[in-house]
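Dear colleague,

Please find below the structure that I am handing over to you. My notes on what was found in it follow.

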Amino acid sequence: MAFSANPLSLSVPEPVFETWLRDTGYLEILDQRTTDLHRHSSTTAAAATTASSDTAVTNSAAAAVSISNGVFVLIFSRIGTLLSLLTLNPFAKLTSDDFSGDTPSWTLQFVGSFDSYSFPSSPSQARLRVHENVKRYARNYASLFVLFFACSLYQKLFALVGLISCLALWDVLKLCGDRWGLEQRPVIKQSLIRIAQCATAVILFCTNVQMALFSALAVSYVVMILHASFRKLTPSKQSTSKDGNRRVLRS
């Protein structure tokens, strides 16, 4: 049966729809509902397996095989969920506005309690958590990267010396440019900038600063993916508006 087009129908853009879900708190409800449904289905399947093994199967070997099959299915499903994290882009919905707000509390919001974490029941739930948590805790993840990079430089003092040398080189170039009036001599200024860029690349390569940067990026990326996928979508503060909708107030 064909339906005629409704001229009063509206097409809501996806970012606007996600903003409405986030403001009304339905993202948290959707995440919790998905977790509850997965837990209920797992419990029902386990009960059905136990009942069938008690009534129809009297052989203990057959019962053990059925239980082991359920365990293998659970293990492979979780491995598939973890592997799906490697295929998604956690920064797909990240914007510059996510870095402009206040940093969420490290203890109450970012870390939370033990009940704030659960294994994602499906790749779709893991994707939902990662995209939303990366937006919520973007400033926390950026701070962790700076911390990991500082620790990498502390362990590799030669790289730290090289980074400080590069910063000092550009600072000296800026001071000399202001003193010599290189703004009126653009050719000389561009030549000195190119020389400083080549010297910076040589210093960074010889002191292995790129290895410290790569290790900090790798560790911070793994921590971000694991935390964002296991962290439940729990609102920090809630209030009820005049129209009865639940609003999420971010600190």
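**Findings**

Residues 144–170 are 96% helix and 0% strand, with their end C-alpha atoms 27 Å apart; helices (H or I, at least four residues) and strands (E, at least two) are DSSP runs, numbered from the N terminus. In an unreviewed entry, UniProt lists this span, together with residues 211–230, as "transmembrane region"; such annotations may be inferred rather than shown by experiment, and the positions follow the numbering used here, with feature names shortened. Residues 211–230 are 100% helix and 0% strand, and their end C-alpha atoms lie 29 Å apart.

Please note that this is a predicted model, in which local features need pLDDT of at least 70 and side-chain atom pairs count only at pLDDT 80 or more, while totals for chains, interfaces and linings use all residues. Residues are numbered from 1 along each chain as its sequence is written, and side-chain values use heavy atoms, with hydrogens and water left out.

Helix α8 covers residues 186–206. Its buried residues are Ile 193, Ala 196 and Thr 200 (buried means under 20% relative accessible area, exposed over 50%, partly exposed in between; 1.4 Å probe, protein chains only). Seen down the axis of α8, these buried residues fall within an arc of 65 degrees, so they line one face of the helix; the arc is that of the directions from the helix axis to the C-beta atoms. On the other side of α8, Val 187, Ile 195, Cys 198 and Phe 205 are exposed.

Ser 116 lies in the loop between α4 (106–111) and α5 (123–136). Ser 116 counts as buried because its relative accessibility is 9%.

Yours sincerely

Conventions:
The expected span of a helix is 1.5 Å times one less than its number of residues.
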